[in-house]
Amino acid sequence: MTRSPMSHRLVGLSVLALSALTLSVVAAPTALGASGHAPSHADDRSRPPSSRSLPKVPVMTGSGGAVASVDRDASQVGIDVLARGGNAADAAVATAAALGVTEPYSAGIGGGGFLVYYDAEARKVTTIDGRETAPRTFTPTTFTNADGTPMTFSTVVSSGLSVGVPGTPALWDNAARTFGTMRLSDLLKPAERLAADGFVVDQTFRDQTAQNAARFAMFPATAGVFLPGGQPPAVGSRFRNPDLARAYAELRAKGVDSVYSGQLASAIVAESRAPHTAPGVSVLGGQLTAADLTAYRALLKAPIHSDYRGYDVYGMPVPSSGGIAVAEILNLVEAYEARTGTLVKDLDNANYLHWFSEASATAFADRNRYVGDVPGVPVKELTSDRFAAARACPFSPAATQARPIPFGTPDGSSVSCAVTGQGQPEPYEGQSTTHLVTADKWGNVASYTLTIEQTGGSGITVPGYGFLLNNELTDFNFRPLTTGVPDPNLPGPGKRPRSSMSPTILLKDGRPALAVGSPGGATIITSVSQTVLGFLDRGLPLVDAIAAPRLSSRNSVGESAEPAISGGPDGAALRALGHTLVSPGTPPEIGAVTAIRPVGRGLFEAAAETVRRGGGSAMVVRPGR
């Protein structure tokens with residue numbers, strides 16, 4: 001493994017204009033940074049001589065390594081690590097820790113995630129599973145009432161019962177030890193400093209705080225950190241979190257053992273089991289114990305592997321459904337081509353979206369039935385061309401399949417077009433999370449998605465330490481989706497909830513060609529797949545493939561469509577084919593993709609959103625060609 005130097009598109013701007021803009025403003029950093037946050041002057045003083053404060057832009061090309069995230073300050077932290085000689089794993093950990101400061105409602109010490117990593121020296125892709133785990137006391141009926149009905153989501157989400165064992169610190173430690181070159185203590189130092197010095201609040205941060213203000217007010221520790229003066233922080237104000245700085249200092253001094261058997265472990269267990277609440281507020285206590293935390297491990301796993309257009313596509317294995325579902329969507333697109341004799345690159349946009357919707361809904365039908373943290377998931381069949389050919393039988397270029405599409409039978413016995421499965425309702429999954437990608441000059445690449453589940457997680461902050469606890473256990477199905485049909489995603493002792501996180505790396509001829517991922521709950525799968533198709537098949541520059549209007553069909557009658565689709569001619573054409581389009585919510589956007597691709601001669605193109613979530617942050621160590 002290579003461990004050290006030694007061993008809404010942006011209106012009116014083409015990708016060339018964006019590149020020119022990027023290079024023209026590098027010498028004059030913008031006043032706004034991470035998701036609109038201003039860069040910290042303390043960071044400027046400590047920045048290595050080979051690095052410089054970079055602006056927040058959605059695309060940047062250059063050498064020395066690259067980082068892309070939703071957040072300027074976090075991307076800068078990763079670039080600084082690369083400039084000091086760290087590798088892609090080092091930069092991924094440091095960037096993620098910084099996102100725990102500036103994106104505290106999406107990620108942090110109290111959550112979990114998945115890392116897909118390409119080791120250039122070994123020429124091998126490996127993954128780390130840092131998904132949260134359920135307490136050992138959990139059973140398939142934990143989220144049901146005495147009469148057998150499921151508990152309401154609102155009852156569980158803002159309670160200790162939703163909190164799983166955090167996996168993020170263990171993943172950081174595993175990544176740093178297995179692939180990194182720097183001490184974890186050093187990688188967490190910029191995040192500690194950023195939490196202490198603060199960042200300038202942007203509209204997205206304020207809006208997310210306001211949307212969760214009633215929930216946050218239920219918990220005094222949360223209100224004390226995130227509702228200063230009882231109100232969401234104002235746009236332009238500086239937000240500091242000295243309690244979180246204290247948590248990072250504890251991690252730096254005592255290592256991640258503090259989270260799993262030390263001082264932080266005790267605080268997590270105590271608060272999750274008996275959350276401190278405001279007067280008159282009562283919530284369910286959780287079941288986490290010290291033994292649950294002590295038993296936790298972030299696991300090295302082989303990736304999901306499929307091929308598409310001559311590219312090797314690598315993604316996360318179970319308990320994530322992302323790697324499997326992305327592979328099936330891409331396989332189905334090829335199967336539709338074989339059935340129709342038409343190439344996806346030759347379709348008009350409405351018909352392309354129709355194909356994509358049908359493939360996505362089909363993949364979700366199979367994902368919901370078969371994928372979970374259980375033995376015997378039929379991974380080989382679900383990701384095979386043979387299975388995709390059978391699942392493509394009902395596809396029509398002229399009309400939608402009725403929703404929900406029945407699940408298939410991935411038993412490998414035939415390629416029969418007969419459908420014997422049932423249609424199932426779509427399970428709930430929160431829409432938060434964050435994603436980052438990093439690459440270094442030695443050729444290592446990281447694609448890393450991390451989360452605390454829905455925006456704001458459980459709403460419960462660990463007193464004195466300033467980080468929110470996850471509500472990841474609500475990703476379990478509260479009861480079987482369909483009576484009489486086995487459900488792989490019911491709660492269980494020590495079980496990891498199914499996820500849609502889809503950190504993905506594509507190789508061409510054994511070398512990295514693209515690293516990509518997104519936040520967004522179940523829409524992650526569709527955002528990643530649509531970006532890959534846009535870039536590889538639709539001829540879009542990478543930043544335009546990311547900015548392209550999105551559709552997310554997850555096998556419900558209604559499929560989420562951004563306004564640029566639903567309100568235009570593509571939406572009218574899709575409705576004529578039988579699609580029912582619904583708003584993604586508030587704001588009406590899907591995902592927040594970040595990506596990196598090598599472009600030859602030691603250069604990288606880093607790309608992020610132009611508009612969604614206030615626009616992302618793409619950086620390279622040395623801008624220019």
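1. A polar contact is a pair of N or O atoms within 3.5 Å; within protein, one must be able to donate a hydrogen and the other to accept it, and residues adjacent in sequence count only if both atoms are side-chain atoms. At the start of helix α4, a side-chain oxygen of N87 comes to within 3.1 Å of the backbone nitrogen of A89. Helices here are DSSP runs of H or I with at least four residues, strands are runs of E with at least two, and both are numbered from the N terminus.

2. The model is predicted: local features need pLDDT of at least 70, side-chain atom pairs count only at pLDDT 80 or more, and totals for chains, interfaces and linings use all residues. Side-chain values use heavy atoms, with hydrogens and water left out, and residues are numbered from 1 along each chain as its sequence is written.

3. Helix α4 covers residues 88–102. Of its 15 residues, 15 are buried (under 20% relative accessible area, with exposed over 50% and partly exposed in between; 1.4 Å probe, protein chains only).

4. T178 lies in helix α6, residues 168–178. T178 counts as buried because its relative accessibility is 18%. Its side chain makes a polar contact of 2.7 Å with that of N174.

5. Three strands form an open sheet in the order β13-β14-β15, with mixed pairing (two strands pair if DSSP finds at least two bridges between them). The edge strands, each pairing on one side only, are β13 (551–552) and β15 (580–582). Strand β14 (residues 558–561) runs parallel to β15, joined by three bridges. S560 is opposite V582 in β15.

Methods:
The expected span of a helix is 1.5 Å times one less than its number of residues.
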